[in-house]
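Have the model open as you read.

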Amino acid sequence: MPRRFYIRTYGCQMNVHDSDKLANLLLHAGWAQAESDGPCELLIINTCSIREKAENKLYSDLGALREWKDEVPGRALGVGGCVAQQEGDAILRRFGHLDFVFGTHNLRWVPEMAEAAFDGMREARTGTTASLERFDLPERHPEFRASTPGRAFLTVMEGCDMFCSFCIVPTTRGREISRPAQGILDEAAALAKTGVRQLTLLGQTVNAYGRHDQRRAQTAETGTMGFAALVRRLAEIPGIERIRYTSPHPLFFDEALVRAHAEVPELCPHVHLPLQSGSNRILEAMRRRYTAEEYSRWAEALKAARPGLVLTTDVIVGFPGETEADFEATLALVEALAFVDAYTFKYSPRPGTPAAQLTEGSVPADVAQDRLERLQDLLRRLTLAAHRARVGETTEILVEGPSRRARERPDQPAQIRGRDPQHRVVNAEHSAPGGSLVQVEIVEATPHSLIGRPVPEEGATLTRGKRTADEEGRLSAPS
Ligand code: SF4
């Protein structure tokens, strides 16, 4: 019987996708995937260092896992992700029961490090590389279980050259590098053949894809293209019905991408566009490299390009130096742009970032908390208003699986949970399997989700008339 692994993942979609890549690598190396950390021989923790809480969670997890390790002889424990990249072998020294540590550029070595751990070797590999080799990963193993049926993440670029003053990502993920387009198109076509209908293109500044190559006029060598051109090529792949991308940086929007939103039906009418602050003074202190006015222009252009397009965002409150007037500018902009949802954070200094050196103007904790609550109140109001405006509309949801009610109350009629093109959660009484596309009429709005009624009748699972990957054959190479 093959040895089993389990991966605990913290943090952003990038980490979730890295865990998928790890699982796939381990399956190819002959491991089996366990349902939990109970019955497994290898446990990997994929960490996040964006927020202090996530880092503390790792250390408390590792302390508790001493017992897990001792329970069954011959178990191995590994740590990867952003905290691993930052701390390297300091974590190995601190936790004697930890077997290996791997950085964000070292995923491909994990099967080898896991094997070595069973021979009693302990090591940390956190070297960074500018090589494109890191994108050469095997296709989905037949036993790979997608956590989200019908959907897949697709890495198009990695790293970040922006160095926002509050962010540790350029240190933990390294410099910006774009993946050759051919590899992206091949992976997308292979995913479509396995039934994937929705691609989420991933990158720390995803819409900066290919920009360095274009600037250096090396496109022939590296095989990249502009981000909008890449989106158009992906949309041609048979079977791909929806394309999303995260996270774009406002600085890298251009007319071509706005036009793609108007002209490419597969490109979803939802953009998660991080704002961080509505005050130009704070944006400058954050080194965001755009003004509130520039941000607004792109936001309005996107909404004008695609009727019904929904904007969501990230906002940080309590950044050092943020005054009440700065915060009110943020509230005003959030209201003016009518964001439908947002990840909201209270600023916390991350060691190793320029903002952590700011000694003046720190915002008292109670003031930051009050601002966070006022911002969240506003967002709740905006979300509910946006949801109510959609009652009566017909939309199409990509089914994720049974809804929470269906899981908790099996005595009730079957109910599914899915996402509409605007990325809103829609629950509907239906029994379609995960990965299906179902037409629904929105009949009710709640603060967090929408309630839909299937149309035209119970049991109808409608798929748009795009040819499937099998019907179409393989995509041609980019020119
Ligand atoms: S753009 Fe700024 S916030 Fe985003 S990953 Fe890069 S440095 Fe961090």
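## Helices 13 and 14

Helix 13 and helix 14 are roughly parallel to each other, because an angle under 35 degrees counts as such. This is a predicted model, and in it helix 13 (residues 292-305) packs against helix 14 (residues 324-337) at about 10°, the axes being 11 Å apart.

Who makes the contact? On the helix 13 side you'll find Ala-292, Ser-296 and Ala-299, while helix 14 brings in Ala-329, Leu-333 and Leu-337. Sorted by class, that's 5 nonpolar residues, 1 polar and no charged ones.

## Helices 10 and 11

Now over to another pair. Helix 10 (residues 227-235) and helix 11 (residues 255-263) have axes that come within 8 Å and cross at roughly 25°. That angle is under 35 degrees, so helix 10 and helix 11 also count as roughly parallel to each other.

In soluble globular proteins, nonpolar side chains tend to be buried together. In this model, the largest nonpolar core has 75 residues, and Ala-188 and Leu-234 have the most contacts inside it. Helix 7 (residues 181-193) is the top contributor to this core, with 7 residues.

What does Leu-234 touch, leaving out residues up to four places away in sequence? Its partners are Leu-185, Ala-188, Leu-199, Ile-240 and Ile-243.

Key: Residues are numbered from 1 along each chain as its sequence is written. This is a predicted model: local features need pLDDT of at least 70, side-chain atom pairs count only at pLDDT 80 or more; totals for chains, interfaces and linings use all residues. Axes are lines fitted to C-alpha atoms, for helices over the stretch in contact, and angles run from 0 to 180 degrees between N-to-C directions. Helices (H or I, at least four residues) and strands (E, at least two) are DSSP runs, numbered from the N terminus. Angles under 35 degrees count as roughly parallel, over 145 as roughly antiparallel, 65 to 115 as roughly perpendicular and the rest as oblique. Two residues are in contact if their C-beta atoms, placed from the backbone, lie within 7 Å. Ala, Val, Leu, Ile, Met, Phe, Trp, Tyr, Cys and Pro count as nonpolar, Asp, Glu, Lys and Arg as charged, and the others, Gly among them, as polar. A nonpolar core is a set of buried Ala, Val, Leu, Ile, Met, Phe, Trp, Tyr and Cys residues joined through C-beta atoms within 7 Å. A residue is buried if 20 or more other C-beta atoms lie within 10 Å of its own, exposed if 12 or fewer, and partly exposed in between; C-beta atoms are placed from the backbone.
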